[in-house]
Amino acid sequence: MSAQLIEGKKISDSIREEIKLEAERLKAEGTVPGLVVILVGEDPASQVYVRNKAKACEQLGYYSEVVRLPAETSQQELLELIGRYNRDDKVNGILVQLPLPKHIEEKAVIDAIAVEKDVDGFHPESVGNLMIGDDTLLPCTPAGVIELLKRTGNDPAGKHAVVIGRSNIVGKPVAMLLLREHATVTICHSRTPNLPEVARQADILVAAVGVPKLVKKEWVKPGAVVIDVGVNRLPDGKLCGDVDFDDVLDTAGWITPVPGGVGPMTITMLMANTLKAARRSRG
Ligand SMILES: Nc1nc2c(c(=O)[nH]1)N[C@@H](CN(C=O)c1ccc(C(=O)N[C@@H](CCC(=O)O)C(=O)O)cc1)CN2
Ligand SMILES: [Mg+2]
């Protein structure tokens with residue numbers, strides 16, 4: 001039997017409707033959520049994501065700024081700009097689009113963002129808050145994964161979740177969020193022995209490694225929920241995930257497509273974080 005599709009685009013659209021209502025309520029009380037997105041350089045994919053973030057702000061009636069800086073911008077210039085937005089009351093969220101040019105140290109940039117404006121959830125204090133279970137701004141893609149699970153009735157509680165990938169942006173935080181949702185969590189990576197065998201134990205399998213079509217049907221327990229976080233561009237220009245979708249389709253119980261699965265949730269959760277930061281800014 002074919003797996004049920006987890007339609008990220010549809011779920012994302014309905015969350016945006018909820019956010020819009022909340023944002024209107026907040027605006028009626030005199031607070032306009034504000035987001036600045038900073039892009040350094042001309043990476044084509046990043047340009048699309050930044051444009052889509054600005055569009056989402058417009059759709060929701062947020063105050064929005066996009067700062068496009070040349071690839072040669074120095075780290076010091078970027079840090080000074082962040083410092084200015086840290087002090088700007090119109091702006092509740094500051095997002096620096098990744099990846100950054102090689103001469104800029106990602107950690108220095110993330111550390112410079114005021115934690116209360118860290119709508120990416122990448123600041124060490126945000127990460128620490130997530131780890132100890134304090135209320136915080138959550139990283140967008142991992143938060144989107146949890147929303148997809150919950151809104152399709154796939155509550156992680158009591159399930160075995162296997163996460164393939166250990167990046168700071170997706171693998172580690174999604175594992176922490178699944179743990180917070182009472183899943184038993186295994187984190188795998190390139191040095192995990194018998195990776196297919198470990199993956200096959202998962203009730204919920206999250207693939208976030210950036211290897212096109214790595215996960216095959218032999219890696220999937222029949223009926224498992226398969227969440228594909230990979231966005232890989234193939235030589236023919238087509239997008240594909242870390243899961244071999246066609247191969248896995250008849251084995252999985254639920255599956256996210258690429259495109260149209262996890263991807264659309266990233267920007268929606270960014271909008272939710274900006275709203276949350278705006279609400280919190282009122283004290
Ligand atoms: N500062 C950040 N940088 C990056 C993040 C991030 O969360 N914060 N994540 C990614 C890029 N990203 C948002 O910034 C992002 C990636 C993918 C999508 C998306 O909607 N993907 C679509 C396909 C889009 C396409 O056709 O290329 C999908 O999967 O359906 C949105 C946002 C790295 N940088
Ligand atoms: Mg404001």
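**Close-up 1. Arg166 and its contacts in the predicted model.** Skip the neighbours within four places in sequence, and Arg166 is in contact with Gly171, Lys172, Ile187 and His189. This is a predicted model, and Arg166 is found in the loop between strand 5 and helix 7. With 16 other C-beta atoms within 10 Å, Arg166 comes out as partly exposed. The unreviewed UniProt entry lists Arg166 under "binding site", along with Gly165, Ser167 and Val231.

**Close-up 2. Val231, another residue under the UniProt "binding site" annotation.** Here we're looking at the loop between strand 8 (225-228) and strand 9 (232-233), where Val231 is found. Again leaving out neighbours within four places in sequence, Val231 is in contact with Leu239, Val258 and Gly263.

**Close-up 3. Helix 7 and what covers it.** Helix 7 spans residues 171-180, and eight of its 10 residues are buried, so the rest of the structure largely encloses it. The buried ones are Gly171, Lys172, Pro173, Val174, Ala175, Met176, Leu177 and Leu178. Two of these, Gly171 and Lys172, turn up among the contacts of Arg166 too. The cover over the buried residues includes helix 5 (124-132) and helix 6 (140-151), plus strand 5 (160-164), strand 6 (184-188) and strand 7 (204-207). After helix 7 comes His182, with a positive phi near 70 degrees.

**Close-up 4. The two assigned domains.** The domain assignment gives domain 1 as 33-114 and domain 2 as 140-263. Their C-alpha centres sit 28 Å apart.

Note on methods
Residues numbered from 1 in each chain as written. Chains lettered and ligands numbered in written order. Predicted model: local features only at pLDDT ≥ 70, side-chain atom pairs only at ≥ 80, totals over all residues. Buried ≥ 20, exposed ≤ 12 C-beta atoms within 10 Å, placed from the backbone. Helix = DSSP H or I, 4+ residues; strand = E, 2+ residues; numbered from the N terminus. Contact = placed C-beta atoms within 7 Å. Domains from an automatic or database assignment. UniProt positions renumbered as here; feature names shortened; annotations may be inferred.
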